[in-house]
Amino acid sequence: MRGARQWVARLAALRGGNVPDAPSVALRDPWPGEPARGARIIKGEIEYQNVVRPLRPGLFHENDGSPVFIAHIQGFVWLRDLRALGTDAARSRARALIADWIDCEALPPVASAPEVSGARIAAWLGHYDFFAASADDDFRQMLMARLVADARMLSANLPAEVRDGRAFTAIKGLIAAAVALPEHGAFMQRALRFLVPEIERQILPDGAHVERSPAAHFAVLQDLTEIRALLQLARAEVPPQLPGAIERMAVGLRALRHGDGGLALFNGTSEDWPNLIDLVLSQAGRTGRSASALAGVGFHRLAAGRSLVLVDAGPPPGPGVDRFAHAGTLSFEFSVGRDRLIVNCGAAPAASGEWRDALRNTAAHSTLVVADVSSSELRDEGLGRRPAHVEVQRQEANGAHWLEASHDGWQKLFGAVHRRRLYLAESGDDLRGEDSIEADQPQPFTLRFHLHPNVTASIQQDGEGALLRLSSGQGWRLRAGGATLSIEDSIYFGGPEPRRAEQIVLTGTPDGPQQVKWALTRMG
């Protein structure tokens, strides 16, 4: 059926007809761009997730680089950055790049993927007044013809073959086309046919998203709030499942933020822009509630005093929704107020090669590694071997928190199970942990605490602890027994650019204890 629909869409495009001179309903992309990135585009470069590539006429046919970055280029979401710049040069550059894309005879296959087509259609329509209102008739006619043709093909290609959050981007694009081009009434009917099933499949009752990635969670919530706004603009009936899903996801997203407003660095996530997160949450609804756990996916939030611990204590996402998955099971992050102290190293999904793979390894997370082997097998398309069982128990009393979790990611290789126990005192000034290995044979292991770049560390004279100093001047002491303590270099990909950092490393041998007890306490 998909092939037949595609044939009909191509035939309609060849025949032309029913192509308006301009969108019947004006749309506006609701999200801010970054003027500095817009200036780079004018200079012939595009920056996305710490990766920079040339973006000049004639380059849209290229297919080298990471699929995430190529999809970003082909999706035209970066028009936001040119709009944020807002100059005549930005408008001219937008028109020139769009015209060059339309004239390109050999686009990479990802350009026609439903999720990329949906992003591009929504971007072109959402920025039409910015780049096309002052264009000549030839450009507008060419643009509208391509918009209609691509919307027809997108309609034919639904449901999207991807099973993750990108399916909502595809649906959003077709709804945007339906709102802006109401003469094509079938677009709306087709998009709404798949919206509710995707909500029910991807969004769990507690508001968690099946990809277990704060970044993916945020992107889906962003798309859903935009879809609701489009339906309201068209005065179309909003499926009752949509508002509930948005509200639940907003509660879940708040649970995945640190005190600085940024996201926790699990499974392909960087901090992202706190102001953008605030804007999306304001669009989502008025509620300010935050969940203490997203039990459906195993994220736990332990908060006491000014301290916050976020723990990944759930099984990795399943096949088909694991494209951003890291081997970070049982990793945690720790922040005090607006200061991050213990972190994971972040992510570079748009990068190709060594950095993307290195940041997905267990060693790039604040958790234990057995024999220098990641707890999940990393593959380009997701994960191979992974923990089959992740168990967690949690208790709270008088403001204090206990969490005990385990996973069997090394069971097949070494017959080993990792157990982690965490305790956060009611004051928030005392975080204690115990990491142990239960294995058929004793194993070498490394326990890592990656530090935020703003944290400085020094080893105590007795060699059994380290002093940590936040940028605010506040001091913390990490003490441990059962392993050799050292300070090593690390890297942080959580912010707008990579930064050097440090990590506390506890090393154990098969001849020594298979258990490490540690405590992180505030000084003074």
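A polar contact is a pair of N or O atoms within 3.5 Å; within protein, one must be able to donate a hydrogen and the other to accept it, and residues adjacent in sequence count only if both atoms are side-chain atoms. The side chain of Asp430 makes such a contact with the side chain of Arg432, at 2.8 Å. The model is predicted: local features need pLDDT of at least 70, side-chain atom pairs count only at pLDDT 80 or more, and totals for chains, interfaces and linings use all residues. Residues are numbered from 1 along each chain as its sequence is written, and side-chain values use heavy atoms, with hydrogens and water left out.

- Strand 18 (residues 475-481) pairs with strand 21 (residues 515-522) in the antiparallel sense over six bridges.
- Arg477 stands opposite Thr521 in strand 21.

**Asp430**
- Asp430 is part of strand 14 (residues 430-438).
- Asp430 counts as buried because its relative accessibility is 11% (buried means under 20% relative accessible area, with a 1.4 Å probe and protein chains only).
- Leaving aside residues up to four places away in sequence, Asp430 touches Tyr423, Leu424, Ala425, Leu520 and Thr521 (contact means heavy atoms within 4.5 Å).

**Pro108**
- Pro108 lies in the loop between helix 5 (88-103) and helix 6 (114-126) (helices are H or I runs of at least four residues).
- At 5% relative accessibility, Pro108 is also buried.

Key
Helices (H or I, at least four residues) and strands (E, at least two) are DSSP runs, numbered from the N terminus. Buried means under 20% relative accessible area, exposed over 50%, partly exposed in between (1.4 Å probe, protein chains only). Two strands pair if DSSP finds at least two bridges between them.
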